[in-house]
Amino acid sequence: MPNSNRGSTGFQSNEFEQDYDRPSKSQLKREMTALQKLGAELIAEPRERVKRVPMPEDVRDAILECQTIKDHEGRRRQLQYVGKKMRTLEDEEVALIRKTIDSWKQPSRAETAAMHAMERRRDKLLADDGALTELRAQYPELDVQQMRTLIRNARREQAEQKPPKAYREIFQVLKQLQGGAAKPAETDQENEGENDEE
């Protein structure tokens, strides 16, 4: 005897389908993990920086408390608590926190670009003698004799495949010039301009 529950006379397959408006358990778990990681990122930041992040007081207090805990198990429990507190935040609050953390990472990208520029300049100094003249024009306080010696030693290191000691020293000199010496040079030029006007 044919089963009446099967085929065209039986239940329609879409009768048992439910409309799920809420996210799946996997999605919820991913979101919880992401919020806990966000909390961990904040815990890793300096206290003064965390205090400036726009967030509710109770969440900030939980993060600052976690920073003070040294015991491994206690810190792990507090991190779980921070994750729980992070889940109470609205989407807009989470987005604002993420935006703030991303803005902290921006300077490091600028620093990386500056380091790459110094590395290119160092390579240019080794490849082209005229590059030292350009560097001297930009930084009058540069010790040209010392730089010539470093360039000569770095070229020798490369030719003889020795450790790049002078090569690294050139980078350090460039870093010092760019870090502090550039500003005084600009100030001197401004002063010269003022003296010319007099």
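Which residues line the largest pocket? Let's start there and then turn to a pair of packed helices. Keep in mind that this is a predicted model.

## The largest pocket

The lining of the largest pocket is made by Leu28, Glu31, Met32, Ala34, Leu35, Arg87, Leu89, Asp91, Val94 and Arg98. Two elements, H1 and helix H5 (91-127), each give two or more residues to this lining. Of the contributors, H1 gives the most, with five residues.

The volume of the largest pocket comes to about 200 Å³. Sorted by class, its lining holds six nonpolar and four charged residues, with no polar ones.

## How H1 meets H4

Two packed helices are described by the angle between their axes and the distance between the axes. Here, helix H1 (residues 25-44) packs against helix H4 (residues 72-86) at an angle of about 120 degrees, and their axes lie 8 Å apart. Because of that angle, H1 counts as oblique to H4. The crossing in which H1 passes H4 is right-handed.

## Who touches whom

On the H1 side, the contact is made by Leu35, Gln36, Leu38, Gly39, Ala40, Leu42 and Ile43. H4 brings Arg75, Leu79, Gln80, Val82, Gly83 and Met86 to the contact. Taken by class, the residues where H1 contacts H4 are eight nonpolar, four polar and one charged.

Definitions and conventions: Residues numbered from 1 in each chain as written. Predicted model: local features only at pLDDT ≥ 70, side-chain atom pairs only at ≥ 80, totals over all residues. Heavy atoms only, no water. Axes fitted to C-alpha atoms, helices over the stretch in contact; angles between N-to-C directions. Helix = DSSP H or I, 4+ residues; strand = E, 2+ residues; numbered from the N terminus. Parallel < 35°, antiparallel > 145°, perpendicular 65-115°, else oblique. Left-handed = near helix turned anticlockwise from the far one by under 90°. Contact = heavy atoms within 4.5 Å. Nonpolar A, V, L, I, M, F, W, Y, C, P; charged D, E, K, R; others polar. 1 Å grid on protein atoms, 1.4 Å probe; cavity = no way out; pocket = protein on both sides within 12 Å on 5 of 7 lines; lining within 4 Å. Points joined across faces, edges and corners; volume = space filled by probe spheres on them.
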